[in-house]
Amino acid sequence: MGGLKFHKHLRLVKRSWFKTCYTSGKRYHTRHFIIFVLPNGLDHWRLGITASRKIGPAVLRNRIKRLVRETFRLNQSQVPLNADYVVVTKKRDDLKQLNLDMVQEQILRFFRHIRPRTPDQPDARPLQDYSGY
């Protein structure tokens with residue numbers, strides 16, 4: 001499983017990259033997350049994760065970020081390429097019950113909806129038609 005690492009070049013680390021994604025990216029909603037997507041012109045995707053103090057204590061915020069990062073790491077082959085993704089955690093009462101399966105379900109469903117149509121997947125929606133859940 002050496003190919004499932006989460007390398008530094010896959011991370012959004014500069015504040016300006018986050019701000020650009022917030023202002024110029026397209027916003028999508030899942031039950032627990034807001035996901036900003038912005039094409040990056042690179043040959044790979046990049047991920048940024050935010051969880052504000054309003055979410056709860058540091059233990060909870062860090063746990064949610066680990067779950068999102070692990071979801072992207074385990075499902076790298078399903079992440080649409082050439083885009084920056086910023087995942088923002090929504091403030092909800094049920095965040096403490098969030099587990100890896102729940103995060104994967106939401107994010108993988110999101111990927112299926114934003115993946116452009118191909119001849120072998122006629123039911124997939126194009127990026128601009130996705131309106132969230």
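The structure is a predicted model, in which local features need pLDDT of at least 70 and side-chain atom pairs count only at pLDDT 80 or more, while totals for chains, interfaces and linings use all residues. Residues are numbered from 1 along each chain as its sequence is written, and side-chain values use heavy atoms, with hydrogens and water left out.

Helices (H or I, at least four residues) and strands (E, at least two) are DSSP runs numbered from the N terminus, and two strands pair if DSSP finds at least two bridges between them. Parallel pairing joins β3 to β4 (residues 83–89) over 5 bridges; R46 has D84 in β4 as its bridge partner.

Buried residues (under 20% relative accessible area, with exposed over 50% and partly exposed in between; 1.4 Å probe, protein chains only) in α2 are L60, R61, I64, L67, V68, T71 and F72. Seen down the axis of α2, the buried residues fall within an arc of 130 degrees, so they line one face of the helix; the arc is that of the directions from the helix axis to the C-beta atoms. Their cover includes β2, β3, β4 and α3.

Terms used
Contact means heavy atoms within 4.5 Å.
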